[in-house]
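Q: Hi! Could you walk me through this one while I have it open?
A: Happy to, just ask away.

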Amino acid sequence: MRIYLGADHQGFHLKNRVFAYLVKRGYDVEDVGADALKPDDDFPQFAQAAALKLIDEENDTDRAILICGGGQGMAIAANRFRGVRAIVATTAEDARYGRNDNDANALSLPARILDNDDDRYWQDIVDTFLETEFSGAARHERRNRELDELS
């Protein structure tokens, strides 16, 4: 599994901590930006960079983790790309349902909520997202096909 990691200026510091955490845990991580803190950057370019990598890969196990101020903007931008199923998660339970039910392949984190002194909280969300398998239930498969047909 390769993980594509992207963030705008509001998610920049948390992205660097997530990157270090994932590398320490042995994941193959590719940082798609921002590579420097630029207060005027915009999240769509980083969501696009991660989404294009995600859908270009042949490996269905690849994932993206996107970080911006509220998490919503990154998810909206990433979901513009056919084959990307991005969720915003503020709890491990959100991440679990997103993976189990929707086969989410992109996780969007809200830095304004999660970028604090307690790394364990976002680590639990990230771990749950990466470790939860898709259920493969017929109804979930059907719904994902219907989503792909919308784009």
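**Helix contacts and pockets**

A: Let's begin with a helix pair: Leu14, Arg17, Val18, Tyr21 and Leu22 of α1 touch Asp119, Trp122, Gln123, Val126, Asp127 and Leu130 of α6. Keep in mind that this is a predicted model.

Q: Nice. What's the make-up of the contact of α1 with α6 by class?
A: The contact of α1 with α6 has seven nonpolar residues, three charged ones and one polar one.

Q: And at what angle do those two helices, α1 and α6, pack?
A: Helix α1 (residues 12-24) and helix α6 (residues 119-131) pack at about 60 degrees, and their axes are 11 Å apart. Angles from 65 to 115 degrees would count as roughly perpendicular and those under 35 as roughly parallel, so α1 and α6 are oblique to each other.

Q: Is the crossing of α1 and α6 left-handed or right-handed?
A: Right-handed, for α1 and α6.

Q: OK, what about α4 and α6, how do their axes cross?
A: The axes of α4 and α6 cross at roughly 15 degrees and come within 8 Å. Under 35 degrees counts as roughly parallel, which is therefore the label for α4 and α6. The crossing of α4 with α6 is right-handed.

Q: Which residues make that contact?
A: On the α4 side there are Ala92, Ala95, Arg96 and Arg99, and on the α6 side Asp124, Ile125, Thr128 and Phe129. By class, the contact of α4 with α6 divides into four nonpolar, three charged and one polar.

Q: Switching to pockets. How much space lies in the largest pocket?
A: The largest pocket holds about 330 Å³. Its lining is made up of 17 residues, and Asn59, Asp60, Thr61, Arg85 and Asn105 lie nearest the centre.

Q: How does the lining of the largest pocket split by class?
A: Eight of the lining residues of the largest pocket are charged, five are polar and four are nonpolar.

Q: And the second largest pocket, what volume does that have?
A: About 190 Å³ for the second largest pocket. There are 11 residues in the lining of the second largest pocket, and nearest its centre are Asn79, Val84, Arg85, Leu147 and Asp148.

Q: Which element gives the largest share of the lining of the second largest pocket?
A: Helix α7 (residues 138-150), with three residues. By class, the second largest pocket's lining has four nonpolar, four polar and three charged residues.

Q: Last topic, backbone geometry. Where is the cis peptide bond?
A: Gly33 and Ala34 are joined by a cis peptide bond, with omega at about 0 degrees. Ala34 sits in the loop between β2 (28-33) and α2 (43-56).

Q: And what is the phi of Asp103?
A: Asp103 has a positive phi, about 50 degrees, although it is not a glycine. Look for Asp103 in the loop between α4 (92-102) and β5 (106-110).

Terms used. Residues numbered from 1 in each chain as written. Predicted model: local features only at pLDDT ≥ 70, side-chain atom pairs only at ≥ 80, totals over all residues. Heavy atoms only, no water. 1 Å grid on protein atoms, 1.4 Å probe; cavity = no way out; pocket = protein on both sides within 12 Å on 5 of 7 lines; lining within 4 Å. Points joined across faces, edges and corners; volume = space filled by probe spheres on them. Nonpolar A, V, L, I, M, F, W, Y, C, P; charged D, E, K, R; others polar. Helix = DSSP H or I, 4+ residues; strand = E, 2+ residues; numbered from the N terminus. Axes fitted to C-alpha atoms, helices over the stretch in contact; angles between N-to-C directions. Parallel < 35°, antiparallel > 145°, perpendicular 65-115°, else oblique. Left-handed = near helix turned anticlockwise from the far one by under 90°. Contact = heavy atoms within 4.5 Å.
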